[in-house]
Amino acid sequence: MDVFRCPRCATIAFVESTDCSACGLDIGLHPPTLTMRAAPDQGTDVDGSWWFPCGNRAWGCNWLVAGDAGSGRCLACRLTRTRPSSDDTLALEKLASASADKRRLLVQLADHGLPVVPWYEKKGGLGFDLLSSRSDGARVLIGHANGIITIDLAESLDAHREALRISLGEPYRTMLGHFRHEVGHYYQWILVEQTDWIDECRTIFGDERASYKDAIARHYLVGPPLDWSDGFISSYASMHPWEDFAECFAHYLHLTSTLITSGAGHLSVKMEGVPTIPDHEIAPRTSYADATMDDILGDWLPLATFFNRVNRAMGKHDLYPFEIPEPVARKLDFVHRVVTSSRVPVPLGSGVS
Ligand SMILES: [Zn+2]
Ligand SMILES: [Zn+2]
Ligand SMILES: [Zn+2]
């Protein structure tokens with residue numbers, strides 16, 4: 001995927017932009033083509049059909065919705081099945097913030113060609129329950145079940161999320177990371193467990209029919225195996241084959257998103273004198289659909305080293321505070337093969353918008 005641009009003056013736009021920073025044009029994302037279009041209140045013509053700004057534009061949603069969609073809200077907003085009540089203003093602020101992460105996730109899924117079938121069109125379709133544990137103190141368990149992803153909006157509060165990250169000993173915790181992990185559970189369910197991929201998946205990740213209840217009890221009582229980093233991307237991944245797959249899926253999205261963004265910016269990095277990496281020039285691509293996982297890791301490992309140095313130059317933690325041992329590379333390869341063989345032509349198609 002290339003960068004988004006203003007349709008009038010071609011200035012670069014962020015995926016979240018509602019107006020052009022140079023010419024001021026109101027812009028919005030047209031989901032089927034993943035392009036920025038003019039977004040006047042009266043709507044805009046895209047290839048012969050009429051598209052309007054989403055009804056949640058005041059909350060920062062910059063997607064367009066088809067005039068004949070039967071709803072004033074866009075596909076991304078309609079995927080949210082449950083949200084905080086209208087008088088819960090703090091939760092609604094966090095809903096707006098988390099919804100931006102959700103839209104970024106959906107754009108990336110569409111860029112990979114992954115199918116997005118909404119919960120309101122098909123039983124077991126994708127949907128989101130975006131709730132806040134701060135609303136009435138009731139616990140909100142982040143997770144996935146039968147297509148529905150539940151997110152605790154309190155994790156949009158930096159202090160809350162950071163306190164959890166430290167208490168759990170995690171090197172990385174973001175709202176976008178939660179979305180990427182949970183959608184990994186969803187895609188394992190529809191693309192692997194319901195297809196012929198399941199046998200190979202069990203060989204690589206282990207048997208997902210093992211008791212999840214026992215696994216979670218063991219993980220929090222005894223902790224992960226001491227040598228977890230030899231075979232897993234995170235200690236959490238070592239808990240159960242489902243978590244291993246979801247973690248690997250999230251990392252697959254972390255890697256490809258960062259590489260493709262770098263590729264769209266024509267970044268090239270010269271690697272010299274890095275142990276275990278031969279000297280060479282790396283030019284990330286704007287798509288890895290035709291590449292192998294070895295190609296992806298060949299670009300990623302030196303680039304991650306470079307970005308970690310950049311972050312340290314700013315006094316920040318590493319951009320990518322993880323190691324990818326050989327068994328994890330094989331798991332990522334499996335995820336890559338599932339993703340690239342599951343491509344659909346128009347993931348966020350006009351029919352479902
Ligand atoms: Zn412009
Ligand atoms: Zn919307
Ligand atoms: Zn999980």
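A residue counts as buried when its relative accessible area is under 20%, as exposed when that area is over 50%, and as partly exposed in between. This tour applies those terms to a predicted model.

**Stop 1: Phe128 and strand 9**

Select Phe128 first. Is this residue buried or exposed? With a relative accessible area of 0%, Phe128 is buried. Now extend the selection to strand 9, residues 127–131. Of the 5 residues in this strand, 4 are buried, so strand 9 is largely enclosed by the rest of the structure.

Next, display the neighbours of strand 9. Strand 8 (residues 80–82) pairs with strand 9 in the parallel sense, over 2 bridges. Within this pairing, Thr80 has Phe128 as its bridge partner. To follow the chain between the two strands, trace it from strand 8 through helix 2 (residues 89–111) to strand 9; this β-α-β crossover is left-handed.

Strand 11 (residues 148–152) also pairs with strand 9 in the parallel sense, here over 5 bridges. Select Asp129 and look for its bridge partner in strand 11, which is Thr150.

**Stop 2: aromatic rings**

Show the side chains of Phe, Tyr and Trp. How many aromatic pairs are there? The count comes to 14 aromatic pairs. One of them joins Phe128 and Phe179: the ring centres are 5.7 Å apart, the planes stand at 70 degrees, and the pair is edge-to-face. Phe128 belongs to strand 9 and Phe179 to helix 5, so that the pair links distant parts of the chain, 51 residues apart.

Then select Phe205 and Phe245. Their ring centres lie 5.3 Å apart and their planes are at 55 degrees, so this pair is tilted. Phe205 is in helix 6 (residues 198–205) and Phe245 is in helix 8 (residues 241–264); the pair therefore ties together parts that are 40 residues apart in sequence. Both Phe205 and Phe245 are buried.

Together with Phe205 and Phe245, they form one aromatic cluster.

**Stop 3: the zinc ion (ligand 3)**

Move to ligand 3, a zinc ion. Which residues coordinate it? The donors are His181 (NE2), His185 (NE2) and Glu243 (OE), at 2.0 to 2.1 Å. Along the sequence, these donor residues are spaced H-x3-H-x57-E.

Colour helix 5, residues 175–192. His181 and His185 are 4 residues apart in this helix, and therefore about one helical turn separates them. His181 has 7% relative accessibility and so counts as buried. The value for His185 is 12%, so this residue also counts as buried.

**Stop 4: the zinc ion (ligand 1)**

Select ligand 1, another zinc ion. Its protein donors are the SG atoms of Cys6, Cys9, Cys20 and Cys23, lying 2.3 Å from it. The spacing of the donors along the chain is C-x2-C-x10-C-x2-C.

What arrangement do the 4 donor atoms make? The angles they subtend are 102 to 117 degrees, which makes the arrangement tetrahedral. For comparison, the ideal angle for four tetrahedral donors is 109.5 degrees.

Cys6, at 3% relative accessibility, counts as buried, whereas Cys9, at 34%, counts as partly exposed.

**Stop 5: two loop residues**

Select Ala10, in the loop between strand 1 (4–5) and strand 2 (12–13). Ala10 is not a glycine, yet it has a positive phi of about 70 degrees. Its relative accessible area is 40%, so Ala10 is partly exposed.

Leu34 lies in the loop between strand 3 (27–30) and strand 4 (35–38). Leu34 is likewise not a glycine and has a positive phi, here of about 50 degrees. At 15% relative accessibility, Leu34 counts as buried.

**Stop 6**

Strand 6 (residues 49–53) pairs with strand 7 over 3 bridges in the antiparallel sense. To locate one of these contacts, select Phe52, whose bridge partner in strand 7 is Val65.

Terms used: Residues are numbered from 1 along each chain as its sequence is written. Chains are lettered from A and ligands numbered from 1 in the order in which they are written. This is a predicted model: local features need pLDDT of at least 70, side-chain atom pairs count only at pLDDT 80 or more; totals for chains, interfaces and linings use all residues. Side-chain values use heavy atoms; hydrogens and water are left out. Donors are N, O and S atoms within 2.8 Å of the metal (3.2 Å for Na, K and Ca); water is not among the atoms, so sites may look incomplete. Buried means under 20% relative accessible area, exposed over 50%, partly exposed in between (1.4 Å probe, protein chains only). Two strands pair if DSSP finds at least two bridges between them. A crossover is right-handed if, with the strands pointing away from the viewer, the path from the first strand over the helix to the second runs clockwise. Four donors count as tetrahedral if all angles lie between 85 and 135 degrees; four count as square planar and six as octahedral if opposite donors are over 155 degrees apart and all others between 65 and 115; anything else is irregular. Rings of Phe, Tyr and Trp (its six-membered ring) pair if their centres lie within 6.5 Å; planes under 30 degrees apart count as stacked, over 60 as edge-to-face and the rest as tilted.
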